[in-house]
Amino acid sequence: MAKYFDVHPDHPQRRAIGNVADSIRSGALVAYPTDSCYALGCRLGNREALGRIRTIRDLDDRHHFTLVCENFAQLGQFVHVDNDVFRALKAATPGRYTFILPATKEVPRQLQHPKKKTVGVRIPDHVVTRALLTELGEPLVSSTLLLPGEKEPMTQGWEIKERLDHVLDAVVDSGDCGTVPTTVIDFSGGEPEIVRRGAGDTARFE
């Protein structure tokens, strides 16, 4: 049975955030809110939880997982970013974008695209997510909570708890956070390639 954390969307309770972070450090797979949909998240290096995400979402090994980072200092540990790309990312973050970039040696192989050796990264603009990342002190390995065969992700924490109680360890509920996933921009080839049009404005990359 998943633990349920009811967290205020604008003023997240420090104790609740601390308890969620402790659960993640202990190996939990959590559903948590972002600025574009709920996501499934776990600690970097938690292979068991990563396998559970693949099972829940029915993902193959070509799926790009995302490292959800607190800031650029953290992001820079996990992806190679040249000056031009850095400026483009800096102008668009924090926000509703996922960027695909070449992974550094700090990224476990099972998170990288098997051929391209890339990984997705993002810096979200959501009070609860940012509080959790600050408390955790490391990125969350994440994937949008979109179930197989469904066109839109679930938008309510209570619904996620009700439907996925048997496969999750914790649910963080801070209210509706929408159904539109991030815009995905692939910078691994140097020039921006729009992979998915989502919540973030694509005009600056076209």
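Guide: Here are a few questions and answers on a predicted model.

Visitor: How much space lies in the largest cavity?
Guide: A search of the whole structure turns up one cavity of 30 Å³ or more. The space in the largest cavity comes to about 40 Å³.

Visitor: Which helix and strand each supply at least two residues of that cavity's lining?
Guide: The lining includes Cys 42, Arg 43, Arg 47 and Leu 50. By class, it has six nonpolar, three polar and two charged residues. The elements that each give at least two lining residues are β3 (38-43) and α2 (47-57).

Visitor: And what covers the buried residues of α2?
Guide: Those buried residues are Ala 49, Leu 50, Arg 52, Ile 53, Arg 54, Ile 56 and Arg 57. Leu 50, one of them, also lines the largest cavity. The cover includes β3 and β7 (140-144).

Visitor: Just after α2, Asp 58 takes a positive phi. Is Asp 58 buried or exposed?
Guide: Asp 58 isn't a glycine, yet its phi is near 55°, and it lies in the loop between α2 and β4 (66-68). Its relative accessibility is 61%, and the cut-off for exposed is over 50%. So Asp 58 counts as exposed.

Visitor: What about Lys 117, how accessible does it count as?
Guide: Lys 117 has a positive phi too, about 60°, and sits in the loop between β5 and β6 (118-122). With 39% relative accessibility, Lys 117 counts as partly exposed.

Visitor: Which residues does a cis peptide bond join?
Guide: Look in the loop between α4 (83-92) and β5 (97-102), where Pro 94 lies. Omega there is about -5°, and the cis bond joins Thr 93 and Pro 94.

Methods: Residues numbered from 1 in each chain as written. Predicted model: local features only at pLDDT ≥ 70, side-chain atom pairs only at ≥ 80, totals over all residues. Heavy atoms only, no water. 1 Å grid on protein atoms, 1.4 Å probe; cavity = no way out; pocket = protein on both sides within 12 Å on 5 of 7 lines; lining within 4 Å. Points joined across faces, edges and corners; volume = space filled by probe spheres on them. Helix = DSSP H or I, 4+ residues; strand = E, 2+ residues; numbered from the N terminus. Nonpolar A, V, L, I, M, F, W, Y, C, P; charged D, E, K, R; others polar. Buried < 20%, exposed > 50% of the residue type's maximum accessible area, 1.4 Å probe, protein only. Contact = heavy atoms within 4.5 Å.
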